[in-house]
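Biologist: Hi! Could you walk me through this structure in plain words?
Modeller: Happy to, let's look at it together.

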Amino acid sequence: MKPTLIKAGIAASLALLAYILPRVENIQLTRWQNYYTFAGWVVSILLFSAGVLVATHWHVPGIRSIGQSLRENKWEALTIIGLFLLALFLRIYKLEQIPYPFLKDEAWVGREALAILDGSFSNLFQPGWQVDPLLNSAPMALSIRIFGNTIFGSRLAPVLFGTFTVILLYFLTRSMFDKLTAFLAALCMAAIPPHIHFSRMGVSNITVAFWACFVFWLTSSIVPMPQLGW
């Protein structure tokens with residue numbers, strides 16, 4: 001792709017973002033106008049990300065290369081699967097019973113999720129629980145839509161965020177250090193009590209670690225980081 005097209009895509013994303021931001025807190029927008037605002041925000045991010053990825057010559061690996069990589073690193077792949085299953089088990093086991101009881105904050109976020117589902121809350125940028133944007137409650141809304149208005153349904157989204165954070169930390173640490181350090185870091189996060197606790201609560205605290213690991217891992221994948229030594 002020509003550099004001019006890359007620059008045009010990035011410029012378009014910034015222009016779209018400049019158009020969207022003043023409308024984020026406009027209380028006079030209708031339900032569908034709020035949805036269009038949110039969609040424009042997502043498109044601006046995708047355009048900017050695509051421009052950066054193309055500019056850095058990043059490409060999606062083919063199925064054949066993925067299969068070859070898995071065959072050559074089967075023990076590491078099995079290790080990652082084991083870490084994922086361990087993290088998932090520790091976070092989903094007796095999810096409706098532990099922690100007990102269903103806390104006030106969880107009920108508040110669950111109420112916001114239900115309001116998103118029925119269209120009462122259409123502006124996902126407006127302040128919600130703990131003055132966080134309602135967008136933080138959107139994963140719970142999707143989980144409740146699929147698994148029902150239950151304790152399990154409202155807590156499953158944080159479980160998945162917490163579980164995938166463990167895997168993202170593995171990839172991030174591996175890109176900076178080595179396989180052993182990555183394994184130990186991911187194992188510690190998989191089993192550390194505070195991370196397990198907040199991964200089992202129907203609130204959005206646990207997403208902070210997920211997005212931090214995701215952004216730093218993505219950055220380290222695009223821009224190779226030097227190996228650190230002592």
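Biologist: Let's start with H5 and H6. At what angle do the axes of these helices cross?
Modeller: Keep in mind that this is a predicted model. In it, the axes of H5 (residues 104-117) and H6 (residues 138-147) cross at roughly 75° and come within 8 Å. Angles from 65 to 115 degrees count as roughly perpendicular, so H5 is roughly perpendicular to H6.

Biologist: Which residues in H5 and H6 meet there?
Modeller: From H5 there are Val-109, Gly-110, Ala-113, Leu-114, Ile-116 and Leu-117. Their partners in H6 are Ala-138, Met-140, Ala-141, Ile-144 and Arg-145. By class, this contact of H5 with H6 has 9 nonpolar, 1 polar and 1 charged residues.

Biologist: And what about the loop between H5 and H6? Is Val-131 buried or exposed?
Modeller: Val-131, which lies in that loop, is exposed because its relative accessibility is 65% and the cut-off for exposed is over 50%.

Biologist: New topic: which residues touch the most other members of the largest nonpolar core?
Modeller: Those are Leu-83, Val-166, Tyr-170 and Ala-186, in a core of 16 residues. Helices H4 (74-92), H7 (151-176), H8 (179-191) and H10 (207-222) each supply at least two residues of this core. H7 gives the largest share, with 6 residues.

Biologist: What does Leu-83 touch?
Modeller: Leaving out residues up to four places away in sequence, Leu-83 touches Ile-167, Tyr-170, Phe-183, Ala-186 and Leu-187. There is also a second, separate core of 11 residues, and it includes Ala-113, Ile-116, Ile-144 and Ala-157.

Biologist: Back to H7 for a moment. Is Ser-154 buried or exposed?
Modeller: Ser-154, in helix H7, is buried, because its relative accessible area is 5% and buried means under 20%. Apart from neighbours within four places in sequence, Ser-154 is in contact with Phe-102, Met-140, Ile-144 and Gly-202.

Biologist: What is phi of Lys-94?
Modeller: Phi of Lys-94 is near 50°, a positive value in a residue other than glycine. Lys-94 also sits in the loop between H4 and H5, and Lys-94 is partly exposed, with a relative accessible area of 40%.

Terms used: Residues numbered from 1 in each chain as written. Predicted model: local features only at pLDDT ≥ 70, side-chain atom pairs only at ≥ 80, totals over all residues. Heavy atoms only, no water. Axes fitted to C-alpha atoms, helices over the stretch in contact; angles between N-to-C directions. Helix = DSSP H or I, 4+ residues; strand = E, 2+ residues; numbered from the N terminus. Parallel < 35°, antiparallel > 145°, perpendicular 65-115°, else oblique. Contact = heavy atoms within 4.5 Å. Nonpolar A, V, L, I, M, F, W, Y, C, P; charged D, E, K, R; others polar. Core = buried A, V, L, I, M, F, W, Y, C linked by side-chain atoms within 4.5 Å. Buried < 20%, exposed > 50% of the residue type's maximum accessible area, 1.4 Å probe, protein only.
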